[in-house]
Amino acid sequence: MSLSLNGRRVALTGAAALTAVLALAGPASAHTEVEADKAQALAENVTLTVVCEAESASAGFREVRVVLPEGIAPADVTLEEAPKGWQLKTTDDGYVVGGTPLKTGVDAEYKVKIRQLPDVEEVAFKTIDTYSDGKVSRWIELPKGGEEPEQPAPILKLKAAAPGAKPIAPSPTASPTPSPTPSVTATPSESGATAAAADTKKDDDGTPMSLVVGGVAAAVLVLGAGGWWLTKRRASATGS
């Protein structure tokens with residue numbers, strides 16, 4: 001066997017191995033990315049661009065939820081740009097951007113303004129993507145031991161703070177707006193039904209308590225009337 005033939009086989013083997021590695025890495029490449037126009041610690045009024053890559057072949061994005069890193073309050077985030085019809089709602093630990101589901105295969109891209117970035121080297125924006133069919137992708141894992149996680153959270157690396165930069169005063173605490181999960185409130189008709197149900201509680205054998213009480217009262221009246229009639233009859237007999 002010639003040396004050149006061995007060389008070609010080694011090259012082909014190496015190419016096949018590289019192709020396999022790339023194929024395995026393919027699914028993990030579909031995730032969420034974050035960029036900033038001013039990626040610097042303590043920078044103010046920073047525009048953050050978030051791109052969530054579409055993974056589903058049958059449904060489109062419905063909403064994107066983000067857990068903010070320490071040092072950024074939900075009240076410090078405002079929406080600058082988003083898909084048509086999408087809105088931002090704050091939560092206890094971050095925000096949700098969502099609305100009318102996007103078309104299948106369309107990436108979810110939006111921009112938010114951060115009042116000020118914290119004085120750290122990097123910040124992670126844990127992200128949860130929800131599709132119109134209910135499928136959820138969680139990009140929330142942080143690197144450990146130098147290994148890249150399977151579902152990595154988007155991380156923004158920051159430059160050192162500019163000389164003289166200082167943390168600004170915290171924003172006034174704002175009450176979180178309702179999350180996309182609809183809250184269930186009783187309508188007047190439901191309240192009336194509840195009251196009616198409470199008024200017709202049942203005993204152990206399934207009979208409504210109102211009927212039981214009514215029956216007892218009727219029995220007492222009958223017995224009372226019967227006793228009065230019997231006493232009067234005995235008195236009449238004694239007199240005769």
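**Reading burial and salt bridges**

Reader: What is the relative accessible area of Asp-93?

Author: It is 32%, so Asp-93 is partly exposed. Buried would need under 20%, and exposed over 50%. Keep in mind that this is a predicted model.

Reader: How many salt bridges does the model have?

Author: The rule looks for a Lys or Arg side-chain nitrogen within 4 Å of an Asp or Glu carboxyl oxygen. Here the count is three.

Reader: Which residue forms a salt bridge with Asp-93?

Author: Arg-65 does, with the closest N and O atoms 3.1 Å apart. Arg-65 sits in strand S3, while Asp-93 is in the loop between strands S5 and S6. They are 28 residues apart. Arg-65 is partly exposed, at 29%.

Reader: Which residue pairs with Glu-80 in a salt bridge?

Author: Lys-113, at 3.3 Å between the closest N and O atoms. Glu-80 is in strand S4 and Lys-113 in strand S7, so the pair ties together parts 33 residues apart in sequence. Glu-80 is partly exposed at 38%. Lys-113 is partly exposed at 29%.

Reader: What is the N to O distance between Lys-157 and Glu-122?

Author: It is 2.9 Å, in a salt bridge. Lys-157 is in strand S11 and Glu-122 in strand S8, 35 residues apart. Lys-157 is exposed at 59%, whereas Glu-122 is partly exposed at 39%.

Reader: Is Thr-49 buried or exposed?

Author: Buried, because its relative accessibility is 17%. Thr-49 lies in strand S2. Its contacts beyond four places in sequence include Val-34 and Tyr-110.

Reader: Where does pLDDT stay under 50 with zero contacts beyond four places in sequence?

Author: Over residues 228-240. The chain's mean pLDDT is 74.

Definitions and conventions. Residues numbered from 1 in each chain as written. Predicted model: local features only at pLDDT ≥ 70, side-chain atom pairs only at ≥ 80, totals over all residues. Heavy atoms only, no water. pLDDT = per-residue confidence, 0-100. Contact = heavy atoms within 4.5 Å. Helix = DSSP H or I, 4+ residues; strand = E, 2+ residues; numbered from the N terminus. Buried < 20%, exposed > 50% of the residue type's maximum accessible area, 1.4 Å probe, protein only.
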